[in-house]
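Trainee: Could we go through this structure together? I would like to begin with the contacts between charged side chains.

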Amino acid sequence: MSALCEILLDAYARGDIHPYARMITTAQRDALPALHPPDGNDAADTTAVSLVV
């Protein structure tokens, strides 16, 4: 984990990445299409995380 933090802090210091957060309502979240793992197993619950570089 410390290596990841170092990479992200270095990229931020160089101006390569810009952190931001966006809040949405529960209704907006629930309206998003369901995500499925690559193997097509619908039973698994997945969460999407976006990193804008």
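Predicted model: local features only at pLDDT ≥ 70, side-chain atom pairs only at ≥ 80, totals over all residues.

Trainee: What do the side chains of Asp10 and Arg14 form?

Mentor: They meet in a salt bridge, with 2.1 Å from N to O. In general, an α-helix has 3.6 residues a turn, so residues three or four places apart point the same way.

Trainee: Which residues are linked with Asp10 in a network?

Mentor: Arg14 and Asp16 are linked with Asp10 in a network of salt bridges. The side chain of Arg14 also meets that of Asp16, at 2.7 Å from N to O.

Trainee: How many salt bridges does the structure hold?

Mentor: It holds 3. One of them joins Asp30 to Arg29, whose closest N and O atoms are 2.9 Å apart. Asp30 is exposed, at 51% relative accessible area, while Arg29 counts as partly exposed at 49%; the cut-off for exposed is over 50%.

Trainee: Back to the helix, then. Which residues does α1 cover, and what follows it?

Mentor: Helix α1 covers residues 2-14 and reaches 18 Å from its first C-alpha to its last. Gly15 follows α1 and has a positive phi, near 85°.

Trainee: And which residues make the nonpolar surface patch?

Mentor: Met1, Leu4 and Leu8 make that patch, of about 330 Å². Leu4 lies in helix α1 and is partly exposed, with a relative accessible area of 44%.

Technical notes:
Residues numbered from 1 in each chain as written. Heavy atoms only, no water. Helix = DSSP H or I, 4+ residues; strand = E, 2+ residues; numbered from the N terminus. Expected span 1.5 Å × (residues − 1). Patch = residues over 30% accessible without salt bridge, like charges linked within 9 Å, V, L, I, M, F, W, Y side chains within 5 Å. Areas by Shrake-Rupley, 256 points an atom, 1.4 Å probe, with all protein chains shown as cover. Salt bridge = Lys/Arg side-chain N within 4 Å of Asp/Glu carboxyl O. Buried < 20%, exposed > 50% of the residue type's maximum accessible area, 1.4 Å probe, protein only.
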